[in-house]
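Subject: Structure handover

Hello,

Here is the structure for your files. My notes follow below it.

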Amino acid sequence: ASAEKKANNGYLNKMTAVLLGGITALAWKVKDLAFVLSFGGATLGNALIYVYPALMFRSAVKNMGDKASKGLKREVPFALFSAALGIVMGGIGATMAVRSIL
């Protein structure tokens, strides 16, 4: 277990360094903070509001198994539809953000 933990920590440290380096390089090039905010809002905001809750709900209902009521099971497709709409709206917002700098 100790070797796995060290490998995990090493991997996480490398990923942290890569992400931090990428973000720093992006910050060097991007001078318009409005683009960063609009792109982040379009992608992360929609994921946080529409996509993640739907996926968590689906997972919770799935983990309930037979204990989940029929109503909860019928609600899952609607939650996933909401997530799909969130992805579409996020794509539209991200596209508009990218077009604003072109």
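The lining of the largest pocket draws most on α2, which gives five residues. The elements that give two or more residues to that lining are α1 (2–29) and α2 (33–64); helices here are DSSP runs (H or I, at least four residues; strands are E, at least two), numbered from the N terminus. This is a predicted model, in which local features need pLDDT of at least 70 and side-chain atom pairs count only at pLDDT 80 or more, while totals for chains, interfaces and linings use all residues. Residues are numbered from 1 along each chain as its sequence is written, and side-chain values use heavy atoms, with hydrogens and water left out.

The largest pocket holds about 180 Å³ of space (a pocket is an open set of points on a 1 Å grid where a 1.4 Å probe fits, with protein on both sides within 12 Å along at least five of seven lines; lining residues have an atom within 4 Å of a point). Among its lining residues are I23, L26, F35 and F39. The lining divides into eight nonpolar, one polar and two charged residues.

The axes of α2 and helix α3 (residues 70–101) come within 8 Å and cross at roughly 165 degrees, so the two are roughly antiparallel (angles over 145 degrees, between N-to-C directions of lines fitted to C-alpha atoms over the stretch in contact). The residues of this contact comprise 21 nonpolar, seven polar and three charged.

Overall, the chain has three helices and zero strands. Its radius of gyration is 19 Å, well over the 13 Å that the globule rule gives for 102 residues, so the chain is more spread out than a compact globule (C-alpha atoms; the rule is 2.2 Å times the number of residues to the power 0.38).

Regards

Definitions and conventions:
Points joined across faces, edges and corners; volume = space filled by probe spheres on them. Nonpolar A, V, L, I, M, F, W, Y, C, P; charged D, E, K, R; others polar. Axes fitted to C-alpha atoms, helices over the stretch in contact; angles between N-to-C directions. Parallel < 35°, antiparallel > 145°, perpendicular 65-115°, else oblique.
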